[in-house]
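Please take a look at the structure below and keep it in view as you read. We will walk through it together, one part at a time.

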Amino acid sequence: MPKSLYGFILRHSKREQIVLLILAAVSYPFLYYSYDLPKLIINHLKDVAVHVKDGSLGSYPAHIVQGLPLNAHHYLFMLCAIFLVLTLINGGFKFYINVYKGRMGERMLRRLRYELYVRILRFPLPHFKRMSSGETIPMITSEVEPMGGFIGDAFVQPIYQGGLLIVPLIFILVQDPILGAAALAFYPVQIYVIPRIQKRVNQLAKRRVQTVRSLADRIGETIAGIQDVHANDTSARERADFSHRLGTIYKIRYDIYQLKFLAKFLNNSINQLTPFLFYAIGGYLVFEGKVDIGALVAVIAAQKDLAGPWKELLDYYQQKEDIRIKYEQVVGQFQPPDLVDVKMLDDDPPEGVRLKGDYALSSVTLTEGGAVKFLDGVNFTVPLTEKIAVVGDGTSGKDELPLVLARLLTPTAGSIMVGGQNLVPLPESVTGRRIAYVTHAAHMLGTSVRDNLYYSLKHRPLREPDLDEAGKRERERVKYWAIQSGNSPHDILADWIDYDAAGVAGPDELEQKALKLLDLVGMDDDIYHMGLRGRIDPARRADLAEAILKARAALKERLESDPSLAALVEPFDAAKYNENASLAENLLFGTPTGGAFADDALATNKYVLQILDKAGLTNDLIVMGRKVAETMVELFSGLPPGHQFFEQFSFISSDDLPEFQALVTRTEGMQPAAMSAEDRARLLTLPFKLINARHRLGLIDAAFETRILEARKLFAAELPENLRGSIEFFDANTYNAASTLQDNILFGKLAYGQAEGQARIGELVSDVLTTLDLRPKVMQAGLDFQVGVGGSRLSSSQRQKLGIARCLMKNPDIMIVNQATASLDGQSQSRILNGLMETFRGGGLIWALHRASLARSFDRVLVMQGGRVIEQGHYDELDKPGTAFHAMLKDE
Amino acid sequence: MSINEEVDALRRIPLFSNLEPSKLKLLAFTSERLTYAKGQAIFRQGDMGDAAYIVLEGQADVVIGTADNQRKVATIGKHSIIGEIAVLCDVPRTATVVAVDKLVALKISKDLFLRMVKEFPQMAVEIMRELARRLDRTNQQLAALSKQS
C-alpha cells in the first residue's frame, strides 16, 4: 500500500485521472465561446439600433456562415440559439466530469476500506494486544470517508476549476488589458490573506478536537471515580476543573468564529469591489471609445463566473493538506512490522494434504517485544498417533505453546515440523483446515447455532447460487465492480460449505453430523430446548409442522387421560374464556404477527376500538382500567422508583406511576363518558394485560367473559383483508407460525399455580416427542436458534461446548485444546474429555490442561516450566516422588 | 380465588396481623399461589431456600432425616408459615415438607420476605416469637427423648 496519498491515487486510478484531465481540456474552448457570444449579441443590438434610426434595417446583412446572409431578426435568434447550445454543452461537461470523478472517488474509497480491512486480517496476532478497536473501527468507517470525495478531485479539480477561472480571465484580458488588470487586482491580496486565516482556523479546529476529546475523557473519569468524588468532597474542585475546560473550548470556538467571519467578510468585500472597478473603469473606457459596450457587458458576465471556481480552488487547497495528513496517519496505523504475507491467506492447499507423522519442535522460542520470553527453547518430538496432555502453571508457557502448535503465533526462533514438513510457511488453507484450535473463549457469530457450527467449513465459495438470467447479470455486474475496486470477487451468497471436508455427502448428512457432535459435547438437551422455544416457517418445513400437529394431538390425549395432568394446561377453546391467558389473547384468540395487534398497540388500534365499541365493551374496559390503575397505585406507590417489582409485576412503570396517580384522583367517581378522551385512552391500555389466574384481581367475572367471547367472534368475522396478515388465529388443526414449537404442541396456556407445573409439562412434552420419534426434528429446529451478538443468548458453557463442536465439524488431523473446558462443571468436562478421547483414539489430540490431574487418560504428558518442557512421559511414569509433575499433582 | 381472600387469610396469621392492608395486598399480588397434590413436596431437605410459604388450605407433614431413615416431626395446618428459616439465614432447607392432601400455599420470594421484615419491625418480633415457640417445642421433645433413653 503506497505510503503517500498521491502514490495511492496514481497507482489505482491513473487512467481515469488522465481521462478526466482530457475532458477538462476539451471543455475549455466551448467555455470561451460562451463568454464571447454575449459580446456579439449586444454589439449586434447596438448596430441594429443604429440601423433602425437611419431606417436601413431591411437591407441589414449579417453572416454566421460565409455566403449565407441572414436578416437582423434571424441573426439575433441564431446567436441566442448558439448561446443556448453552448450553455448546455458546458453544463453537460460539468455533469459528466462530476459523475465520472464521483464514481472514481467511491471506487477508490471502496478499495481503501477493503485494503485496510484486509490489513487487519493480516496483522500478526500479538499486534492486536497493542491495538484499540475503538480507534481502529472509526478509521475504516468514518475517517476515510472524506478521502473518497477528495480522490475524485485530486488532479482534475485544480486543473478544471483553474481552467474555469482562467478562461474568463483570458477573455477579459483579450477584451481589454486594463479591465483584465482590474479583475486580477485583488487576487494577490486574497491569495495571501485568506489561506493564512484559514491555516489559523485549521490549527484552532485541531486544538478544538483535542480539547473536546480530553473533555470526554474527563467526564468518563468523573463517572468512574464518582465514589471518590463524594467521599472526598471534591465536587467543587471537579466543577471548577470542568468549567475551566469549557472556558478553553469557548475561547477556541470564539476565535474560530471571528476568523471565519473575517475571512468571509474579506472575500465578499473584495468580490464586490471588482464589479465596482468594472463599472467605473469599463464605463470610462466605453466613453472614450476604447471598449465597445458589448465587450463590457460580456466582461461583467464573465467576471461573475470568477467567484465560483475561485472558492472551489481555495477549498481544494485547504482540504488537500488535511486529507494528505489523514491518509498518512491511517495507513501508518495499518502498517505494523511483520505483516502476514497475503499469500498465506490466499494460497489453496496442495491436493490431499494431511498432517501426519511426528510433531517435532526444536529450540522453539517465543518472545514479545524482546523482553518477555514465553517459550524459551522448547524441544520435543511426539508422534501424532498419541493423545498428548500439556500441563504447567500460568507462567510455564502452557498458554502460548498451543498457539504456536496451531501456527497462530509464529515462533521467534526455532522450527516446528509436522511429518517432516515445516509448519511455519504453510498457508492458512492447510493449517486452518487440518488443525483445529479452541480456547475457553470461543467466538460466536451473531447468527444461528447452525451457522456457527458450519463456520469451520466455509473456506471458499464452492457452488454458485441458483440464479435466473437477471440474477446472473446482476451478479456479473457486482463482481465486475468488485474487481475494478480491488475487492474480493467471491460471492457471499454462494454455497461455501465444504461437505467433503466434513466427510458428508450433503446438507442432510451434515445436519446429522452436527447433532451428533452436539451430543458428544453434551449440548443435546440445550439444543432440544432451543428448538422448542424456536419458531419455524410451516411453508418451508411442512413435514415438521405436520409432525408437531401430531404431537399436539398426542399430548391432548395424554392430558385428557390423566386428571392430575389435565390441570397443568388450559387448552385454547374458541367457545371458552382462557383463565390463564391475558385479556388481549382472549379477545384476539390468536398470536399477533408484526406490530398491529401487539400488546402495546392494541388500545390504539382503530379496528380493535371499533370492535370494542360494537360489542359495547369500551366503557366497561375503561372502568376496569381505572380499577387496575387504582390497585397499581395502591400497591406500588410506596416502592422506590426503579424497584424490580415494577418490571416484574406492575402494569404501570415507575415513571408513569405519578401520572396515573393523578389520573385516578381526577377521575374519581366519574362515568367513563365524562372523562377526557386522553384519560380514556390511557386507562384503556391497562386491562389488556390482565390474566385472571395469575393476577387474581377478581375484575373479570363470568358475565364479562361471555361478552369478551362475543367480541372475539366479531373480531374474527369482520377482520378486514389488510389486517389478515397481522394475526395467526388459534386453530386446533393448523400450525401457528407465529408461536413457538412448544406453544404449538401445548395449544393452550400453562396453568398458573400448579406446583412444578412447568417441569412436569416439560417432561410430558419430551415424553410425547420421544414416543413420536420427533426429538431429532425438534433439535434440527434448535440449530436455527439465534445466538445473539457474540453469542450473548448462550451461557458461557454453551459457547464453549459449541466452540469445541465447531472444531470437530471439519475433521481435523490435529485438535489443539487450550484449556477450553476450564470453567465447565465436572460432569460436562469429563463427558467432553471422553468424547474427544473417543474421537481421536487414533491420536492427534493435544490438550493444554488447566489441572494436571486430568492428564491421567492421555498417552503422554508434557510438563512445562519457565517456557520449557522439563519432563515428558506417561502419567504413571511421571507421578513419582521427586518429579515436578508429582509436585503439581500434590498442590491441586 | 381473588386476591382479597388471600389478604383476609394473611391477616389471620399472627405474623402479618399488624401490617397495613395495602402491604398485605402487595405481598399477595407479588406472590405465587401454588396448588400441590397429595404427596407432592413443597421443598426438600438440603435444597437452597429461595422462598417462604404460607399455607392457605390443607395440611403438610414436616419430615427430617436421611433417605432411608425418615422421621415425621410435625404436621402443619392452615395459616402457618413454613420455610422461613432457610430464607432468613441462607442455609439449606432443614426439613422436607410434603402435602398431606391437596394443599394451597402462597409462595413469598426471599427478596420480598426480607424486605417486609426489614420494613415492619412488628413482623420481625412475630418471627422471633414463632422461632422461640419452635425452639421451646424442640427442647421439650429433646427432654422427652432423654427421659425415654
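Two residues are in contact if their C-beta atoms, placed from the backbone, lie within 7 Å. This is a predicted model, in which local features need pLDDT of at least 70 and side-chain atom pairs count only at pLDDT 80 or more, while totals for chains, interfaces and linings use all residues. Residues are numbered from 1 along each chain as its sequence is written, and chains are lettered from A and ligands numbered from 1 in the order in which they are written.

## Where the chains meet

How many residues of chain A are in contact with chain B? Eleven residues of chain A touch 16 residues of chain B. On the side of chain A that touches chain B, helix H25 (618–636) and helix H26 (644–649) each supply at least two residues. Helices (H or I, at least four residues) and strands (E, at least two) are DSSP runs, numbered from the N terminus. That side of chain A divides into five nonpolar, four polar and two charged residues. Here Ala, Val, Leu, Ile, Met, Phe, Trp, Tyr, Cys and Pro count as nonpolar, Asp, Glu, Lys and Arg as charged, and the others, Gly among them, as polar.

A:Phe645 is placed in helix H26 of chain A. Leaving out residues up to four places away in sequence, A:Phe645 touches A:Phe636, A:Leu639, A:Ser650 and B:Thr30. Is A:Phe645 buried or partly exposed? A residue is buried if 20 or more other C-beta atoms lie within 10 Å of its own, exposed if 12 or fewer, and partly exposed in between, with C-beta atoms placed from the backbone. A:Phe645 is partly exposed, because 19 other C-beta atoms lie within 10 Å.

## Chain B

Chain B has five helices and eight strands. Along the sequence they follow the pattern α-α-β-β-β-β-β-β-α-β-β-α-α. The C-alpha atoms of chain B fill a box of roughly 50 × 35 × 25 Å, taken along the principal axes. Buried residues make up 31% of the 149 residues in chain B.

Now look at strand E8 (residues 103–109) of chain B. Five of its seven residues are buried, so E8 of chain B is largely enclosed by the rest of the structure. Strands of a sheet pair through backbone hydrogen bonds, either parallel or antiparallel. Two strands count as paired if DSSP finds at least two bridges between them.

| Strand pair | Sense | Bridges | One facing pair |
|---|---|---|---|
| E1 (residues 32–36) and E8, chain B | antiparallel | five | B:Glu32 and B:Lys107 |
| E3 (residues 51–57) and E8, chain B | antiparallel | six | B:Val55 and B:Ala105 |

B:Val87 lies in helix H3 (residues 84–89) of chain B. B:Val87 is buried, because 22 other C-beta atoms lie within 10 Å. Setting aside neighbours within four places in sequence, B:Val87 is in contact with B:Gly49, B:Ala51, B:Ala52, B:Lys110 and B:Phe113. The C-alpha atoms of B:Val87 and B:Asp111 are separated by 8.8 Å, although the two residues are 24 apart along the chain.

## The nonpolar cores

A nonpolar core is a set of buried Ala, Val, Leu, Ile, Met, Phe, Trp, Tyr and Cys residues joined through C-beta atoms within 7 Å. The largest one has 179 residues, and those with the most contacts inside it are A:Val390, A:Val391, A:Ala805, A:Ile816, A:Val861 and B:Ala105. Helix H25 of chain A gives the largest share of this core, nine residues. Apart from this core lies another, of 37 residues, among them A:Ala24, A:Tyr35, A:Ala182 and A:Val291.

## A sheet and a helix in chain A

Four strands of chain A form an open, antiparallel sheet in the order E4-E3-E6-E7. Its edge strands, E4 (372–383) and E7 (421–422), each pair on one side only.

In helix H7 (residues 177–184) of chain A, the buried residues are A:Leu179, A:Ala182 and A:Ala183. Seen down the helix axis, these residues fall within an arc of 100 degrees, so they line one face of the helix. The arc is that of the directions from the helix axis to the C-beta atoms. What covers the buried residues of H7 includes helix H6 (156–175), helix H10 (235–288) and helix H11 (293–304) of chain A.
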